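Have the sequence and the model side by side before reading on. The paragraphs below go from the terms to the whole chain and then to a few selected places.

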Amino acid sequence: MARILKKGNDVFYNEAQVTNRDLSVAVLRQFLPQLAQEKAEGKLRKPGQAQKDKRQAKKAAAKAAAQDEPAQPAQAGARVLEGLAASGLRSIRYALELDGVSRIDANDVDPAVVESMRANIALNGPGVAARVVPTCSDARLLMLQNPEAYDAIDLDPYGTPAHFLDSALQAVAEGGLLAVTATDMAVLCGNSGEVCWTKYGSYPIHRPYCHEAAVRILLACLESHANRYKRYIVPLLSVHMDFYIRVFVRVFTSAAEIKASASKQAYVWQSQGCDSWWLQPVGQQQQKGSSVKHMPAHGPAVPSNRCPESGAAFLMGGPIWARPLHDQAWVAGLLQQMDQESGRYAQHARLKGILTSVLEELPDVPLYYNVHDMCRTVRCTPPRAEQLRSALINAGFRVSGSHANPLALKTDAPPKVVWDIIRCWVKLHPIKPPEPNSYPAAILSKEIETEADFRKAAGAVPESVKAGVKRFVQNPAFWGPKARHGRPLKPEQQKQQQAQAEQRHMWHAYCRH
């Protein structure tokens, strides 16, 4: 078990991030052996890489011969960077729990923090000290000085990761893994849309789907930075949990593939009067024989300049990532591996719930509805989730939940059909007539074209629910963001910290029993 020394707020440490650390360890335990196998089979060579490797090997051999020294073999094992290591706990866990890693660079820009990190590394024994290399540098500069040098890069900053992304996408090796956390959820979810635009190049809309949209904004930003270097991303796992989002993407190089980048992204047209929304792709691809033509997408995606349900105007947000958030086959393997090693992960139950929800999501349906919010719009009591899911399935559409919200409803049904089902529900369960000329009145006055059948349908109840899997595990009371390190704690913060320590003690005692 990894151990660290900690005093006050001198070095940033948040116990709530154990979920993040557990997930990161699990992902790398699944990914690094896969990467090693792909390298051994020669699957990760960039175009022209074979010739480049031959030239470099020839130069190295000539240099060694001139110096009468044997050529040095390439370093075996993966090289990992934790760009903002703080206490170094995550890097120490990587050293203790990952196989096939030759070197872990644990970096922080604060010299005092790096000294504390050195003590933590020494505390965990010579095995950790042999693999974890503490460095004191601006993470951006360190990554720019090591182009394509790291098989995995982990960025978990305090706040936004935006200013690290460009250098990170240059430093990760071909086919390597980039893991990024963003905790500035108020910005990403639309409370400060103009700030999100300046940091991520996307305008958020504050609606029920905002947590998934935040993940998609970060992925779109990563893709944009990657494209500048003829690179593109392939998401393995992208989640919202607790007070942050976390994405794991692979990075590849292809001048041909990046031409498809615009077709992977979309703008969002959001009604201001109800929960209806439409996606407008940025680009499209047309196949002609063996050639592919890339061109702007057709539009507009909305049927008119006013919302057809409420008559309200639209907001336009984005662009966001519109392709799948996860490689579900890969996630299934990850969950299986975590179940086999459940004793390794303190947050196994919570992560099992998240990954199970991920596996049940519709992969090709971006964003979701919140049925309670839709029913609040027309001021009716919401149907049970099973009833609404059954109505959509009986109407010929697909439906799922989302890991980002226990009340989420993902479906490939158009907004008209979803609202028809709500209108049928109101017809069966009458409500007080809404105010004339209001949005609820406009929505409920529309003619019903799809009659809802609320009889229970196969697939209306998720398999995880039938199996008794807890998909949304309650966190302890002390879970949440912490103050930035180095800032002296105010008296009320000290009292809060003491109270949280007592809660942690009680929680750990409860877990032991």
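Helices (H or I, at least four residues) and strands (E, at least two) are DSSP runs, numbered from the N terminus. The model is predicted, so local features need pLDDT of at least 70 and side-chain atom pairs count only at pLDDT 80 or more, while totals for chains, interfaces and linings use all residues. Residues are numbered from 1 along each chain as its sequence is written, and side-chain values use heavy atoms, with hydrogens and water left out.

The protein chain holds 18 helices and 15 strands. Of its 513 residues, 51% count as buried; buried means under 20% relative accessible area, exposed over 50%, and partly exposed in between (1.4 Å probe, protein chains only). A contact means heavy atoms within 4.5 Å. Among contacts between residues at least 6 apart in sequence, 73% join residues at least 24 apart.

An open sheet is formed by 3 strands in the order 13-15-14, with antiparallel pairing. Strand 13 (369-370) and strand 14 are at the edges with a single partner strand each, so one side of each has no neighbour in the sheet. Two strands count as paired if DSSP finds at least two bridges between them; strand 14 and strand 15 (residues 405-411) have 3 bridges, in the antiparallel sense. Ser400 has Lys410 of strand 15 as its bridge partner.

Ser402 lies in strand 14, which spans residues 399-402. Is Ser402 buried or exposed? Its relative accessibility is 4%, so Ser402 counts as buried. The side chain of Ser402 reaches the backbone nitrogen of Ala404 at 3.1 Å. Leaving aside residues up to four places away in sequence, Ser402 touches Glu212, Glu361, Tyr368, Ala408, Lys410 and Phe472.

Next come two helices. Two packed helices are described by the angle between their axes and the distance between the axes. Helix 9 (residues 193-200) packs with helix 10 (residues 210-227) at an angle of about 30°, the axes being 10 Å apart. Helix 9 is therefore roughly parallel to helix 10 (angles under 35 degrees count as roughly parallel, over 145 as roughly antiparallel, 65 to 115 as roughly perpendicular and the rest as oblique). Helix 9 contributes Cys196, Lys199 and Tyr200 to the contact, and helix 10 contributes Ile217, Leu218 and Cys221.

Leu335 is in helix 11 (residues 328-340) and is buried, with a relative accessible area of 10%. Leu335 and Leu355 are 20 residues apart along the chain, and their C-alpha atoms are separated by 6.6 Å.

Key
Axes are lines fitted to C-alpha atoms, for helices over the stretch in contact, and angles run from 0 to 180 degrees between N-to-C directions. A polar contact is a pair of N or O atoms within 3.5 Å; within protein, one must be able to donate a hydrogen and the other to accept it, and residues adjacent in sequence count only if both atoms are side-chain atoms.
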